[in-house]
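Here is a short briefing on one predicted model. Have the fold in view as you read.

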Amino acid sequence: MKLLVTGGAGFIGSNFIRHWLSRHPQDDIRNLDRLTYAGNRANLSDVDGGGRYALLEGDICDGRAVAEAMDGCEAVVHFAAETHVDRSITDPAAFLRTNLEGTGQLLAQAHQRKVPRFLHVSTDEVYGPAPEGVAFRETDPLTPTSPYAASKAGADLLAQAYFRTYRLPVIVARPTNNFGPFQFPEKLIPLFITNAMADAALPVYGDGLQRRNWLFVEDTCRALELLLEQGEPGGVYNIGTASECANLDMTHAILRALGKPETLIRRVADRPGHDRRYAVDCRRLQALGWKPRATFTEALTATVRWYQANQPWWQPLKERLREDSYHWLDRSAGTSAPGAVRASR
Ligand SMILES: NC(=O)c1ccc[n+]([C@@H]2O[C@H](COP(=O)([O-])OP(=O)(O)OC[C@H]3O[C@@H](n4cnc5c(N)ncnc54)[C@H](O)[C@@H]3O)[C@@H](O)[C@H]2O)c1
């Protein structure tokens, strides 16, 4: 089978491509990626040149690029998105363009070409904050908070509309917070690991008691593989674990894993509209036979070790990020430690 993956030079997409190629030796993958600041050729340098993987540098909003990339493909796995919540607060337009318009372009062309399978990667953030004791089911209403989450909710609904209106065999996946190798170091876990390694401050938003459901990226890739193979067309599936953890507890766990002092923790002003808690009910996916393999502690330890062993991968990204990101750090000037950048999700 020939697959089109979008956004495969990013964090989850690159892990997914590596996973799929290793498990499906007959398959080929085309990766349509615009290579924004978050996309990185180096994430797939180990599979590049093997003849089964091709990177097509292009924009999912560009009809010609999408047509060329989708030609002859039997499945689409759509990851490409603007993904950083903080950036969506300062520049929502970029999120509307890629996340809504780009998804619309892909769906329209998949419909025109009668692509037999379209896996749309949404997010648990489309539900908005989960009240205490509640885990959202796939049928619950979408009440997103941030411009990022709202743009993803729009894309999610558009994907479902293509199933209802045109019977395009769309499957929607809603994963919770992911972490693991190759995650761009502006996101909470890699930001804190790499800051702590350099003895720089770990900027914790507000009281740090926002609770998240953390998922190891390898478990997400197995879930997406299962959904592409066995998900019901028109179906929506949450992907999550039972490991709910406050951001502050996560910060302590990272410091412990690295043997660094708690004095590195720096409280910063909270993000506007910061959701307190996310939680999803995953029984629908579990009924297909999926469950996470890694415990939270094992996955966090493996992730810390990966960042320790791969400094040449993340150091240049961090340098660039430091230069680029000061325009949105200005909003909270004086609240962050010098040289630190703020965390998403
Ligand atoms: N990381 C998480 O915790 C998480 C959780 C739930 C859902 N998701 C969803 O999973 C998907 C992947 O997330 P990620 O964390 O790997 O993202 P990422 O930011 O690491 O990667 C995004 C990729 O998309 C590419 N891209 C951006 N705009 C593009 C465009 N217009 N055309 C083509 N390519 C473009 C970027 O170059 C990059 O390679 C996203 O749709 C995100 O909303 C992520």
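The notes below cover the sheet, the helices on it, and one further helix.

This is a predicted model: local features need pLDDT of at least 70, side-chain atom pairs count only at pLDDT 80 or more, and totals for chains, interfaces and linings use all residues. Residues are numbered from 1 along each chain as its sequence is written. Helices (H or I, at least four residues) and strands (E, at least two) are DSSP runs, numbered from the N terminus.

- Seven strands make an open, parallel sheet in the order 3-2-1-4-5-6-10; strands pair if DSSP finds at least two bridges between them.
- Strand 3 (53–57) and strand 10 (236–239) are the edges, each pairing on one side only.
- Strand 5 (118–121) and strand 6 (170–175) pair in parallel over four bridges.
- Leu119 stands opposite Ile171 in strand 6.

**Helices on the sheet**
- Helix 5 (147–166) packs on the sheet and touches strand 5 and strand 6; contact means C-beta atoms, placed from the backbone, within 7 Å.
- The direction of helix 5 makes about 155 degrees with that of strand 6; axes are lines fitted to C-alpha atoms, for helices over the stretch in contact, and angles run from 0 to 180 degrees between N-to-C directions.
- Helix 7 (217–230) lies across strand 4 (75–78), strand 5, strand 6 and strand 10.

**Helix 10**
- Phe296, Ala299, Leu300, Thr303, Val304 and Tyr307 are its buried residues (20 or more other C-beta atoms within 10 Å of their own; exposed means 12 or fewer; C-beta atoms are placed from the backbone).
- On the other side of helix 10, Thr297, Glu298 and Ala309 are exposed.
- Cover for the buried residues of helix 10 includes helix 8 (247–258) and helix 11 (311–324).

Technical notes. Two residues are in contact if their C-beta atoms, placed from the backbone, lie within 7 Å.
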